[in-house]
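Here are my notes on the model, point by point. Please read them with the structure open.

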Amino acid sequence: MDNLFVSRSLDEIRFWSRIMKEHALFLSLGFTYEDKQLIDEAKQFIGVFEQIEQQLNTYTSHTDPQLIKTFNNHVYQAAVSIWAYKRKVLGLILRCKIRSNNYALLVDHTSREAAYFAKRLKELNEGKLKTLPDAIIKENVFFLKIMGDHAKFIGHLLDPSERKLVDQARDFSYDFDQLLYQAIDLDSMRPQSETKPILNQFLDGNRISVVSLRNFKKSAKELIEECKIKSNIHPLLADHVFREAERFLQIIDMFEASLKK
């Protein structure tokens with residue numbers, strides 16, 4: 001159990017610390033020159049998560065679990081801090097206190113991911129390692145919303161002349177909204193819904209859609225890197241959303257494996 005705790009902790013931190021660092025970069029690029037303090041704060045978070053990544057590299061799956069628990073607490077504080085920063089930025093945007101190229105939904109999206117990261121670290125330190133039916137549904141609700149948001153962002157950041165790609169992004173947005181509503185319905189039906197056949201079907205359906213979106217993101221990422229399409233999408237952002245789709249597929253694999261036990 002100790003080895004599982006250590007490996008899960010390191011995996012979560014390895015993935016999400018990079019995501020947090022990139023969020024700070026994307027937010028900093030979206031501010032106007034007038035918002036120097038917000039830009040400086042974002043850059044500070046880049047440094048915070050770079051230091052976490054450096055410390056992470058000193059640990060292995062054989063590291064003392066108590067040391068990892070302490071590390072988790074440290075990273076938890078960083079995740080909570082960047083969450084608070086993102087919510088502050090969102091409040092400024094919604095009150096029209098700043099004019100930013102960061103969509104309000106994008107800032108909210110990044111704050112939800114920071115909250116998710118902090119929650120995962122807290123759960124790990126509380127010893128919550130087993131996959132429960134309730135967790136399967138709630139995790140899918142979270143990631144389906146994330147995937148739907150990605151499709152919306154891609155659609156709005158592509159040049160309007162890229163009509164075919166814009167239409168594809170809108171189609172994915174609609175599909176994932178429907179999957180999200182389905183997941184929310186399933187969540188409200190518990191405990192009656194906590195049967196393996198229903199959960200397996202639920203995961204199978206989500207997998208098909210996530211694979212399609214992952215492939216779309218991969219193609220868009222390659223086209224952006226090769227300067228073959230017109231967009232305001234930073235190449236790192238294209239890779240960022242691709243990695244999150246891959247992460248969701250890995251989680252679906254883990255859930256499906258747990259249902260077979």
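1. Residues 24 or more positions apart account for 83% of them. Keep in mind throughout that this is a predicted model.

2. Fold content. The chain has eight helices and zero strands. Read from the N terminus, the order of elements is α-α-α-α-α-α-α-α.

3. Overall dimensions. The radius of gyration is 19 Å, which agrees with the value near 18 Å that a compact globule of 261 residues would have. The C-alpha trace spans about 50 × 40 × 35 Å along its principal axes.

4. Burial and surface. Of the 261 residues, 49% count as buried. The chain exposes about 13,500 Å². Carbon and sulfur atoms supply 54% of that area.

5. Charges. The chain carries 38 positive and 36 negative charges. How far apart are their mean positions? The answer is 2 Å.

6. Aromatic pairs. The structure holds nine aromatic pairs. One of them joins tyrosine 116 and phenylalanine 142. This pair is stacked, at 4.3 Å centre to centre, with 10 degrees between the planes. Which helices does the pair connect? Tyrosine 116 lies in helix 4 (residues 104-125), and phenylalanine 142 lies in helix 5 (residues 133-157). The pair therefore ties together parts that are 26 residues apart in sequence.

7. Burial around the pair. Is tyrosine 116 buried or exposed? Tyrosine 116 has a relative accessible area of 9%, so it counts as buried, the cut-off being under 20%. Phenylalanine 142, at 15%, is buried as well. Phenylalanine 142 also forms an aromatic pair with phenylalanine 143. That pair is edge-to-face: 5.0 Å centre to centre, with 90 degrees between the planes. Phenylalanine 143 is buried, with a relative accessible area of 1%.

8. The ring cluster. Which residues do ring pairs link into a cluster? They are Phe15, Trp16, Tyr116, Phe142, Phe143 and Phe248.

9. Serine 111. This residue is also in helix 4. Serine 111 is buried, at 2% relative accessibility. What does serine 111 contact, leaving aside its neighbours within four places in sequence? Its contacts are Trp83, Lys86 and Arg87.

10. Two cysteines with positive phi. Cysteine 96 has a phi near 60 degrees, a positive value in a residue other than glycine. Cysteine 96 sits in the loop between helix 3 (65-94) and helix 4. Cysteine 96 is partly exposed, with a relative accessible area of 47%. Cysteine 227 is not a glycine either, yet its phi is positive, at about 55 degrees. Cysteine 227 is in the loop between helix 7 (196-225) and helix 8 (235-259). Is cysteine 227 buried or exposed? Its relative accessible area is 68%, and it counts as exposed.

11. Tyrosine 103. Look again at the loop between helix 3 and helix 4, where tyrosine 103 is found. Tyrosine 103 is partly exposed, at 34% relative accessibility. Not counting residues up to four places away in sequence, tyrosine 103 touches Phe153, His156 and Leu157. Tyrosine 103 and histidine 156 are 53 residues apart along the chain. Their C-alpha atoms are separated by 9.9 Å.

12. Asparagine 57. This residue is in the loop between helix 2 (36-56) and helix 3. Asparagine 57 is exposed, with a relative accessible area of 64%. How far is asparagine 57 from glycine 127 in space? The two are 23 Å apart, C-alpha to C-alpha, and 70 residues apart in sequence.

Key: Residues are numbered from 1 along each chain as its sequence is written. This is a predicted model: local features need pLDDT of at least 70, side-chain atom pairs count only at pLDDT 80 or more; totals for chains, interfaces and linings use all residues. Side-chain values use heavy atoms; hydrogens and water are left out. Helices (H or I, at least four residues) and strands (E, at least two) are DSSP runs, numbered from the N terminus. The radius of gyration is taken over C-alpha atoms; the globule rule is 2.2 Å times the number of residues to the power 0.38. Buried means under 20% relative accessible area, exposed over 50%, partly exposed in between (1.4 Å probe, protein chains only). Contact means heavy atoms within 4.5 Å. Accessible areas come from the Shrake-Rupley method with a 1.4 Å probe; for residues, only the protein chains shown count as cover. Lys and Arg count as positive and Asp and Glu as negative; His and the chain ends are not counted. The place of a charge is taken as NZ of Lys, CZ of Arg, CG of Asp or CD of Glu. Rings of Phe, Tyr and Trp (its six-membered ring) pair if their centres lie within 6.5 Å; planes under 30 degrees apart count as stacked, over 60 as edge-to-face and the rest as tilted.
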